[in-house]
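Biologist: Can you walk me through this one? I'd like to start with the strands.

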Amino acid sequence: MKRTIKFRGKNLKDKKWVFGDFKYDGTYIGSHRVDPRTTTQFTGVLDSNGIEIYEGDIVQCIHPQDWLSTESYVFYDKGEWRTQLADKDYSPACLFPG
């Protein structure tokens, strides 16, 4: 299974999100110069509304065994996309396919 590799970042000119491939030294996405502090990678996963999830997003995780809902931060660790509860040092709440 081949996943889509793409990035997003905020355009320096108009501060709008741009999407695509990294170019040059990581300060360009496509032909747009972006703030490198805003550049994140697509996880390959869509949320329940079909919206792409990127590294750095905050997502609502629903745990099926107890139906609790938690807000978690998306990050990449040890070859997998994970989420971490916003109020914990390290507590993976959900795992995404790597």
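Biologist: How many bridges join strand β1 to strand β2, and do they run parallel or antiparallel?

Modeller: Four bridges join β1 (residues 7-10) to β2 (residues 17-20), and the two run antiparallel. Strands are DSSP runs of E, at least two residues, numbered from the N terminus, and two strands pair if DSSP finds at least two bridges between them. This is a predicted model, where local features need pLDDT of at least 70 and side-chain atom pairs count only at pLDDT 80 or more, while totals for chains, interfaces and linings use all residues. Residues are numbered from 1 along each chain as its sequence is written, and side-chain values use heavy atoms, with hydrogens and water left out.

Biologist: What stands opposite Phe7 in β2?

Modeller: Gly20. β1 and β2 form a hairpin with six residues between them, and Lys15 in the turn has a positive phi of about 65 degrees.

Biologist: Which residue in β6 is opposite Arg8?

Modeller: Thr40. β1 is joined to β6 (residues 40-46) by two bridges, again antiparallel.

Biologist: Is Arg8 buried or exposed?

Modeller: Arg8 is buried, with a relative accessible area of 13%; buried means under 20%, exposed over 50%, partly exposed in between, using a 1.4 Å probe and protein chains only.

Biologist: Which side chain does Arg8 have a 2.3 Å contact with?

Modeller: The side chain of Asp57, and the contact is polar.

Biologist: Different topic. In what order do the strands of the open sheet come?

Modeller: The order is β3-β4-β5, with antiparallel pairing. β3 (22-23) and β5 (32-33) are the edge strands, each pairing on one side only.

Definitions and conventions:
Polar contact = N/O pair within 3.5 Å; in protein donor to acceptor, adjacent residues only side chain to side chain.
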